[in-house]
Amino acid sequence: MFRKEQKKEQHDGFKIAGLARTLQIPEDFTRGNILVTMQGQERIIIENFKGISLYTEEEIRLITKRKKICITGKKLMVESYTKEEIEITGLIDKLEYL
């Protein structure tokens, strides 16, 4: 029984990977990888984000599909967010994977 389930998961994975290639969707996005873009020390955009677990001006903790992320700094603020992406501004001192 386990082998059948494993083969089905593999087959489904191949289907998704093929569809992603056809639609030209980046592989990182389909695998649920965390994508981090920093613009200097003042702005950070994180994709594949699920939620916020802590929010203060000095620390923001995020829940992602794979790991938790802690951003520390000064005057941190969530500028915008969607279901999958969050943009944080302020003076960013450190980004840490927990």
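## Lys94 and its surroundings

Lys94 touches Cys70, Ile71 and Thr72, leaving out residues up to four places away in sequence; contact here means heavy atoms within 4.5 Å. Lys94 lies in strand β6, where helices (H or I, at least four residues) and strands (E, at least two) are DSSP runs numbered from the N terminus. Its C-alpha is 6.7 Å from that of Gly73, although Lys94 and Gly73 are 21 residues apart in sequence.

With a relative accessibility of 43%, Lys94 counts as partly exposed. Buried means under 20% relative accessible area, exposed over 50%, and partly exposed in between (1.4 Å probe, protein chains only).

## What kind of model this is

This is a predicted model, in which local features need pLDDT of at least 70 and side-chain atom pairs count only at pLDDT 80 or more, while totals for chains, interfaces and linings use all residues. Residues are numbered from 1 along each chain as its sequence is written, and side-chain values use heavy atoms, with hydrogens and water left out.

## The overall fold

The protein has two helices and six strands, and along the sequence they follow the pattern α-α-β-β-β-β-β-β. Of its 98 residues, 26% count as buried. Among contacts between residues at least 6 apart in sequence, 40% join residues at least 24 apart.

The accessible surface comes to about 7300 Å², and 53% of it belongs to carbon and sulfur atoms. Accessible areas come from the Shrake-Rupley method with a 1.4 Å probe; for residues, only the protein chains shown count as cover.

## A buried isoleucine

Strand β6 spans residues 85-97 and also holds Ile86. Ile86 is buried, at a relative accessible area of 1%. Setting aside neighbours within four places in sequence, its contacts include Ile44, Ile45, Phe49, Leu62 and Tyr81.

## Salt bridges

Side chains of opposite charge can pair when their charged atoms come close. A salt bridge is a side-chain nitrogen of Lys or Arg within 4 Å of a carboxyl oxygen of Asp or Glu, and by this rule there are four. One of them joins Arg43 and Glu87, whose closest N and O atoms are 2.0 Å apart. Arg43 lies in strand β2 (residues 43-47) and Glu87 in strand β6, so this pair ties together parts 44 residues apart in sequence. Arg43 is partly exposed at 27%, whereas Glu87 is buried at 18%.

Lys94 returns here too, in a salt bridge with Glu96 at 3.9 Å between the closest N and O atoms. Glu96 is partly exposed, with 33% relative accessibility.
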